[in-house]
Structures are given as structure tokens and as C-alpha cells.
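Hi,

Here is the structure I promised to pass on. Have a look at it first, then read my notes below.

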Amino acid sequence: MSRKLIRLIGLLCVSFLMQSCKNYYYLKHSPASNNEDGNRLHHIKVSDENIQFITYSDYQFNKVNEKYVFFTTKDIDHILKANIRKASGEQVMFMYTNMSIYNNLLGFYYKDVTLENVVQDYNRKLDVDLGNGVLYTYDSGKFNVVDIYRKCSNGGVIRFINLNNPDEKDPQFKKFHREVNNLFFDLNQSLWDKNAVDFQ
């Protein structure tokens, strides 16, 4: 076997390994500040818009503790491709709570997608109409997923994907849904034209 062929095979193997090592641990998040309630204020830059997003202080970012990360790359790949026809957009967020009963949260910005596109692609009744956003809940493999979309002021949508811990005893996902309700529609109610009633 020639050296040139050996080198080519080596380069192909390296390329394959790099692709297979893809992950969704987004670690470019700018530092957060604490607000007057002791919660964290994050700035999410999408297009020309700076979205202020509030989390409880137990939400972790800019680090990874696999004990509290419930998903694999394959899980997220599947969720991203299951309902939206456009390829996944720019990742803008990855957070998790340092308590096993709660939430893994990822955010993606889709530049050329509208809320109308989202509703059309899902092709089923939405769970909550937020005016400037929509919410869907569904099962994906071992996960219960709460998918929340918000229209951005300069076009496109931001997608928040919430995942439960499938190993946690949480009948009918009540603890998980309560966490998502509190996070998005209590702490971040100013993001929405309409507030959400409890969803199941």
C-alpha cells in the first residue's frame, strides 16, 4: 500500500472521528449577571436582537457535568430533524439544572423560519398559542420534550428545547412541566404576547 493511500485513509478516519464527536454542549455563553431576586440574567444574541432570559440560580452554563446531562448527540439530532423541515439553525444555548429531577435546555436560532412555517411543519394542533410564539409537547424516544418557539423581531425564530430526565420518577411529567412553566411563563413572562396556562 502506498504512503499516499495510507495518508488519505488516515485523513478520512480523522474526518469521521471529528464529525462523530459533535456535541451540543454549547460553551460560548457570555457571563450572566444576578438580578435583584438572585436569579441569573442571560443575554442571548440572535440576529440583531438581544433577548434577556432569566433562569433560576441552579441553572448551569459554560461547564458540563455529565451526571445532569440526560441526552446524547443522537437524541438531539433526532429531535431537531423530527418536526422542522429546515436544517437546525445556529445553537445559542445549552443549560441544565444541577438537580436530577429537572431540565436540560437547548436553544437554536432559525434565520429563515417563521412561526407559520413551524405550525405548518408540525401539522398538528399546538399545545399553547403564545401570540408571538407556540409551544408543543411530545414524546421523543425516552424523553418528554417541551418545544417552545418565539418569533424574533428581525426575522427568524428562536427554539427552546426542554428535555426531562427519563430516569426520574415523575408520573405524567408533572414536576418537569411545572419547572418549564415556572421558567418560561413566570420568570420570563415578558417574552410573550400571551401567557401560557398550565400545559399537560
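Met 95 has Leu 105 in strand E6 as its bridge partner. This is a predicted model, where local features need pLDDT of at least 70, side-chain atom pairs count only at pLDDT 80 or more, and totals for chains, interfaces and linings use all residues. Residues are numbered from 1 along each chain as its sequence is written, and side-chain values use heavy atoms, with hydrogens and water left out.

Strand E5 (residues 90–97) runs antiparallel to E6, with six bridges joining them. Strands here are DSSP runs of E, at least two residues, and helices are runs of H or I, at least four, numbered from the N terminus; two strands pair if DSSP finds at least two bridges between them. E5 and E6 make a hairpin with six residues between them.

E6 also has seven bridges to strand E10 (residues 157–163), again antiparallel, and there Tyr 109 sits opposite Ile 158.

How many residues of E6 are buried? Seven of the seven in E6 (residues 104–110), so the strand is largely enclosed by the rest of the structure. Buried means under 20% relative accessible area, exposed over 50%, and partly exposed in between (1.4 Å probe, protein chains only). Asn 104, Leu 106, Phe 108 and Tyr 110 point one way from E6, while Leu 105, Gly 107 and Tyr 109 point the other way.

Elsewhere, Leu 126 lies in the loop between helix H3 (115–122) and strand E7 (128–129). Leu 126 counts as partly exposed because its relative accessibility is 23%.

Cheers
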